[in-house]
Amino acid sequence: MKRNHPLLLRGLLAAGLGLAAGVQAGGSASIAVTSDYVWRGVSQTDSGPALQGGVSYKHESGFYMGLWGSNVDFGSGSDANIETDISAGFSGETATGLGYDFGAVRYLYPGSGDLNMTELYAGVSYGIAGAKVNYDPDNQNVYYEGALTFELPEEFGLVLHAGYYHFDAGDSVVDWKLALTKSWYGFDFELAYTDTDLNKNEAGDSADGRVFLSASKAFEF
């Protein structure tokens, strides 16, 4: 998650918005490889690949906590090469099928503490639709996102995602993503196109439209 610019149905939707409402009680771990680590429409690996992994636990009460990491590359102007996210929150679903999720996440960059930040978040989902708000209290920045997730035949899925990042300085960024997902032999694949309304003068090549492919594997314990 680079901040120096001032500026499924149940399962797929939760993944698309970072919601935890669909997670069952117990522990889980995941490992993933992607051709480009894209966060809110902007590459976090200078358009290069990333290896990612995480572990989480959810109590039957709905409380959960998680740890996730990835390599990053913000170019010659930054010494950051690892991102570690620590999260905790509370999620669940009402009898009417309304999913909810709220909590906090701390983004850490060893060796580049100026990039560290905390966000508070709250999200809801119902059927194929979901929405989430992420708030950075230290910098007064807010990110709004929404997604529609469609289940297709043969365990394919289609995800439409859009986000609006409003910065305290008054600038803003719009991003969007179109993704095709597929579960195959226990692995989850995503082929996605993403773009933003930033131009090269504002964010260089990292915010250009791009296609990337990801593969992940989840384990329960």
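Author: In this predicted model, strands β6 and β7 pair in the antiparallel sense, and ten bridges join them. Glu-93 has Gly-99 of β7 as its bridge partner, and the two strands form a hairpin with five residues between them. Within that turn, Gly-97 has a positive phi of about 95°.

On its other pairing, β6, which covers residues 82–93, is joined by nine bridges to β5, residues 63–71, and these two strands again run antiparallel. Here Gly-66 stands opposite Ser-87 in β6.

These pairings belong to a closed barrel of twelve strands, which runs β1-β4-β5-β6-β7-β8-β9-β10-β11-β12-β13-β14 with antiparallel pairing. From one strand to the next, the twist averages 20°. Further along this order, β9, made of residues 129–136, is joined to β10 by eight bridges, also in the antiparallel sense, and Asp-136 has Asn-141 of β10 as its bridge partner.

Turning to the side chains, the largest nonpolar core has 20 residues, of which Trp-39, Val-72, Phe-74, Ala-80, Tyr-107, Tyr-109 and Tyr-165 touch the most other members. A second, separate core consists of five residues, including Val-38, Val-159, Ala-179 and Phe-212.

Charged side chains also make contacts, and a search of the whole structure finds three salt bridges. In one of them Asp-36 pairs with Arg-210, the closest N and O atoms being 2.7 Å apart; Asp-36 lies in the loop between β1 (26–34) and β2 (38–39), whereas Arg-210 lies in strand β14, so that the pair links parts of the chain 174 residues apart. Both partners are buried, because the relative accessible area is 5% for Asp-36 and 10% for Arg-210, and the cut-off for buried is under 20%.

Another salt bridge joins Arg-40 to Glu-119, with 2.9 Å between the closest N and O atoms. Arg-40 is in the loop between β2 and β3 (42–43), and Glu-119 is in strand β8, 79 residues apart. Arg-40 is buried, with a relative accessible area of 13%, and Glu-119 is buried as well, with a value of 1%.

Two or more residues of the patch come from each of β10 (141–152), β11 (156–166), β12 (172–184), β13 (187–196) and β14 (210–220), and β12 gives the most, with three residues. One member, Phe-156, has its place in strand β11, and Phe-156 counts as partly exposed because its relative accessibility is 32%.

Notes. Residues numbered from 1 in each chain as written. Predicted model: local features only at pLDDT ≥ 70, side-chain atom pairs only at ≥ 80, totals over all residues. Heavy atoms only, no water. Helix = DSSP H or I, 4+ residues; strand = E, 2+ residues; numbered from the N terminus. Buried < 20%, exposed > 50% of the residue type's maximum accessible area, 1.4 Å probe, protein only. Core = buried A, V, L, I, M, F, W, Y, C linked by side-chain atoms within 4.5 Å. Pairing = 2+ DSSP bridges. Axes fitted to C-alpha atoms, helices over the stretch in contact; angles between N-to-C directions. Salt bridge = Lys/Arg side-chain N within 4 Å of Asp/Glu carboxyl O.
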